[in-house]
Amino acid sequence: MNFIKKNWKGVLLCLMIAIPSWILGKFFPIVGGPVFAILLGMVITLLVRDKSALQSGITFVSKKILQYAVILLGFGMNLSVILQTGKQSLPIILATITTSLVVAWVLHKILHVPGKISTLIGVGSSICGGSAIAATAPVIDADDEEVAQSISVIFFFNMLAALFFPMLGTVLGFSQTNGEAFGIFAGTAVNDTSSVTAAASTWDSMYNLGSATLDKAVTVKLTRTLAIIPITLVLAFLRTRREQTDHNKVDFKKIFPMFILYFIIASIITTIAVNFGVPAAVFNPLKTLSKFFIVLAMSAIGLNTNIVKLVKTGAKPLLLGFSCWIGITCMSLLMQHVLGLW
C-alpha cells in the first residue's frame with residue numbers, strides 16, 4: 001500500500017502520456033511510440049511546475065519498467081530458430097556491431113562526446129535501438145537525459161533508413177525476385193524492429209514478394225538482439241574494473257544486470273515451449289507488453305529530460321549517430337558483397 005501511495009501519481013502521468021503515444025506509434029510506425037512518448041514527456045514537464053509528488057513514480061517507471069521491458073523481450077526469442085536461420089547473417093552482424101562500437105569509441109575521443117551517451121548510441125545503433133539502450137542504460141548507470149538523447153538520435157536515423165533504404169536497394173541492384181539480400185541488409189543496417197519491419201515490408205510491396213523480405217529481415221534482427229547479452233555483461237565487468245580503480249573495491253555481483261539473466265531465462269522458456277509444440281503466438285501478448293513498457297518508460301524519461309538542454313547539446317551526439325549509421329550501412333553492404341549474397 002505504501003508503494004502505491006508513493007508512486008501512483010507519477011505512474012498515472014506516465015500512462016497518460018504512454019497510451020496516446022502508443023496509438024500514435026501505430027499510425028506512424030516509422031516514427032514509433034517511444035519517440036512520441038519522449039517528445040510528449042519533454043513538453044509536459046515544461047508545464048508542470050512542481051513534480052515532487054510525481055517524481056517517485058516517474059523514477060520507478062524510468063528505471064524498473066525499462067528493465068521489465070527487456071525481460072519480456074525474451075519471450076519473443078525462439079533461440080533454436082534464430083540460431084538455425086541466423087547463421088548466414090552472423091558474420092555480417094558481428095562486423096556491423098564491431099564497426100558501430102569502434103566508430104562510437106573513436107568519435108567519443110575526437111569529439112569529446114560524453115562516454116555514456118557514446119556507449120548508448122554505439123550499442124543502440126549496432127544491436128536493436130531502443131531495446132539495446134534499455135538494457136544498457138542501467139548497467140552503465142546512465143541518467144534519463146543521456147537515455148533520451150541517445151534514443152532521439154537512434155530513432156532519427158531509424159526513420160531515415162525506413163524511408164530511404166528501399167530506394168537505395170533498388171539503386172544498388174538488390175534482387176527483385178526474392179527478398180533475401182534486402183532482408184539481410186535491412187536486418188543488419190536498420191536497428192529498431194519497427195523500422196526494420198517498415199523497410200522490409202516496403203520492399204515486399206514494391207516487388208510483390210509476399211512476406212519473404214520481412215520474414216528474413218525480422219529473423220536477422222532477432223539474431224542481432226541476442227548481442228544484448230554479451231554486450232551488457234562486458235559493460236558491467238568494465239564498470240566494475242573502472243570503479244575499483246577510481247574508488248574502493250566494488251562487488252561485480254552488485255553491478256551484474258540480473259534482468260539480463262531473466263531475459264535469457266524467458267528466451268529459454270520460449271524456445272523449450274515452442275519445441276514442445278506450444279504455438280509461438282501464445283507469447284505475442286508478452287511481446288506486445290514489452291513494446292508498451294518501452295513506450296511507458298520513454299514517457300518517464302521524457303518527463304525527466306530538459307528539452308532546451310537536449311537541443312543545445314545535440315549536435316555532437318547527432319554526428320556520432322550519423323557516423324555509426326553510415327559505418328553500419330557500408331559494412332553491411334561490403335560483407336554481403338564479400339559473402340556473395342549481393
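**Close-up views of a predicted model**

View 1. A nonpolar core here is a set of buried Ala, Val, Leu, Ile, Met, Phe, Trp, Tyr and Cys residues joined through side-chain atoms within 4.5 Å, where buried means under 20% relative accessible area, exposed over 50% and partly exposed in between (1.4 Å probe, protein chains only). This is a predicted model, in which local features need pLDDT of at least 70 and side-chain atom pairs count only at pLDDT 80 or more, while totals for chains, interfaces and linings use all residues. Residues are numbered from 1 along each chain as its sequence is written, and side-chain values use heavy atoms, leaving out hydrogens and water.

**View 2. The surroundings of Phe 165.** Setting aside neighbours within four places in sequence, Phe 165 is in contact (heavy atoms within 4.5 Å) with Leu 160, Phe 182, Phe 185, Ala 189, Val 190, Trp 325 and Thr 329.

**View 3. His 112, a residue with positive phi.** Though not a glycine, His 112 has a phi near 60°. You will find His 112 in the loop between α5 (90-111) and α6 (115-126); helices are DSSP runs (H or I, at least four residues), numbered from the N terminus. His 112 is exposed, with a relative accessible area of 64%.

**View 4. Asp 141, in another loop.** Asp 141 sits between α7 (130-140) and α8 (144-172). Its phi is positive, about 60°, although Asp 141 is not a glycine. With 45% relative accessibility, Asp 141 counts as partly exposed.

Definitions and conventions
Helices (H or I, at least four residues) and strands (E, at least two) are DSSP runs, numbered from the N terminus.
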